[in-house]
Every structure is written in structure tokens, then in C-alpha cells.
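I opened this entry to look at how two neighbouring parts of one chain meet. My notes follow the display.

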Amino acid sequence: MEKDIMADIKKYQKAEKLKKWRDEVQPIPWYFDGLENLCNRIHPEKQILQVSDIQQLSHDTKLYRFISANPNKLLAPFRAGQYIGLTVEINGVRTSRAFSLVSSPNQLAYYELGIKRKEGGFVSPYILDNIKVGDILEATEPMGNLYYNRIFHGKDLVFIAGGSGITPFISMLRYISERMLPLNVWLIFGCLTEKDILFREELQDIQSRRLNIRIKYILSEPESGWNGACGFITKEEILNEIGSADNKYFYVVGNRSMYFFIEEQLKAMGVPRHRIIYEAFGVPDDITEVMGWPEGIDASKKVNISVEFIKQGKKQKEIFEAQCTEPILNSLEREKELGLEINNSCRSGACALCRTKLVSGKVFVPPEVIIREIDQEFGFIHPCVSYPLKDLHLDLT
Ligand code: FES
């Protein structure tokens, strides 16, 4: 028995010695650096972009072309339909917004973004009025789930766009058309008036060259002389265009009110939820109008938010006042002297980049935002879409 044990120990020691020898003499696998470089290329922590061109797309929208500000750093690849978060500094407040990539992923010499002015907005008017060729801006890596997945989406795709929601579809159509992918695509594009139809010439050109791509415009406030469809993107208009919803995959991009309207139409058509991708950036214009907003909480109510964070290696705590009708992330960015930043990209509760520990307090989240169960269980919130209803304690450490 003792002999057997000794034999086992010897065997083990020999194996260990051999392993140690192998570890010492074997070089780091040849692919290690390659993989690391590839990962950094696909998922850079941030990208530094330079504006190389600006064009007026319509009365309220401009097209911005960006190249990498560092000639040795290539732009991260992306899937047609994805977006990047673009950071700007406005009067000392560093903030960012998500914008869909318009350019085709078939080339990575540049990215293009179509940015529409949001009246009364904080970021888009600033960009349209101030950003010029040569300016340098920080951006996230490309993100988002709105892209074609050939395994799950099939071959019949319906794109439903409202206004500037056309931007990710331009990238997808460019990609499909350039690669001559054997897909059937119906684009239903709703706008207010003819002058709001972005990329119209390019869309006509794609349609004239590709039989598998059909485009329908629907105007809700047409001016005289418009001979096309009028009104909203109803179930009837969709079915007129696509025939039947069977085996089709739906992508919907537009503002929040369009999101709810189209959701009803698709439900009435019997489209199962798992055959629809929605993307609606941003938060409600007036959160107090959103279903579920607690009665009796006045728009003027202010709360105290205490944040714990690490600065210069030390744990610190600060308290600031915030409006209950403003997302916590916006309020925190406004407190510029704190110099605190929370990573973010989509600012609509989808990417989870901003997840933050809520130690105590109560927040309101619009009902359409889906927070992962695990985040809920461990008390994490998405401050980009969370509104403080009571005094809060956040842990940013
Ligand atoms: S920034 Fe994407 S979830 Fe908050």
C-alpha cells in the first residue's frame, strides 16, 4: 500500500516537472499577439475620431464623416445597423449621445453619421451649430443589436423607419446592395413631408438597380403635389406593401411614439415578438406623461443624490441635487465640478454600459426598458433611463 502511494507521488512529481519544463521552454503561442490585437481592433475602449467632411442632408439634418484621428489606429469594424456613442463637451459638461452609423461596413476608411436637430435638445443643436471639419471627438466602439443575423432572420426583411430612423437602414441597404445579398427587403419609410425624406436620391438609385429591394414612402403631413401614400404606417399600409407577414423579420427604428404605434400594428398582424427588433434612442420628452409615473410626484420635485466614488486612490462621497424628471446620468454630468463619468453609449437602457449600484432610494424606469434580471436582483440600475423619485445613494466605486 505504502509502495503504491510512493509510486503515485513520484508519478505526480514527474508530471509536474514535465509541465514546468514545458511552460519554461514553450514560446507564447504565435497567435497570442494576433488575437489580442484583433480583440483591441474590434472592441477598442474608445475611438478618437476627426471630422473630415460635413454635408447638409436636409433642412434639419447633416451628414458627418469621421476618420480615425490617429493614422496608426484603424476604425473598429461594425455590422450594418449598429451605432456609436459620440461624446461632446458643452460648456464644460461632458455628455454623449448614440448615433447610428450610416456608412457601409464594407469599407472602414471612415464612418458616417446622419445627425438631426432636435428642437430644444442639448446635444444635437450643439453638434449641428458648432462641430466643424477638423474637430476631434471621442466615440465608443460600434454597438447595438439591430443588424442582420443570417441564422435567425431568414431571407425576407421588412425595415420600418420613421424620420431620421432611416439612418441604420441606409447602412444595411448599402451593405446588402453592394454585396448583392440574396435577400428580399421592403423598406417602409414614414416622414412628415417630402423635404424630410433623407437619402431619397440614393434610395431611388438602390431601388432602380436591385429588384429585391422595394421602397415605400408614407407622409403624415404631405404638401400639395404628393402622389404617394399618406398617413401613418398602419397595418393596412404594411400589408399592402409586403403581402403577408409570414416568415418575415421586422426591424423598427423611430422615435418613442412611433415605437408604440408600430408595436400595435405588428401585434394586429400576428407578428410574434421574437421576429421584431426595435431601436429607439433617447428618453421620453416628458417623463411625467409616461405610463406608470407615480401620481402626486410633481415635475418640480428635487432630490438629493449621494455618490461614493474613488478619486486619487481614496474613497470619497459627494451629494448633489437633482430634478426627478431628469435621468440620473444627465444630472450627474451636469455636476461637472465632481468630474465623475459613467460609461455610456445607447442612453436608452439597452447596452447596460452605464449599470450602477443603487445602494438605497427609489427610481422610476419607463416600462418599455428591459433591465436584466441579474441587474435587478443585485440592485443595479441604468442611470441613463432611471429617474430619481426619492433621495438616492449610488455606489460608483
Ligand atoms: S448607456 Fe446604454 S444602458 Fe445606459
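**Domain 2 against domain 3**

I looked up the buried area first: domain 2 and domain 3 bury about 1,400 Å² between them, 57% of it on carbon and sulfur atoms. Buried area here is the accessible area (1.4 Å probe) that two parts lose on being put together, summed over both. On the domain 2 side, H59, V102 and N106 lose the most area to domain 3, together 34% of what that side buries.

The model is predicted, with pLDDT of at least 70 needed for local features and 80 or more for side-chain atom pairs, while totals for chains, interfaces and linings use all residues. Residues are numbered from 1 along each chain as its sequence is written, and side-chain values use heavy atoms, with hydrogens and water left out.

I then checked the bounds: domain 2 is 43–139 and domain 3 is 156–279, as given by an automatic or database domain assignment. Their C-alpha centres lie 24 Å apart. I found 20 residues of domain 2 in contact (heavy atoms within 4.5 Å) with 15 residues of domain 3.

Next I looked for charged pairs. The count between the two domains is one salt bridge (a side-chain nitrogen of Lys or Arg within 4 Å of a carboxyl oxygen of Asp or Glu). R174 forms a salt bridge with E112, and the closest N and O atoms are 3.1 Å apart.

Last, I sorted the side of domain 2 that touches domain 3 by class: eight nonpolar, nine polar and three charged residues. Ala, Val, Leu, Ile, Met, Phe, Trp, Tyr, Cys and Pro count as nonpolar, Asp, Glu, Lys and Arg as charged, and the others, Gly among them, as polar.
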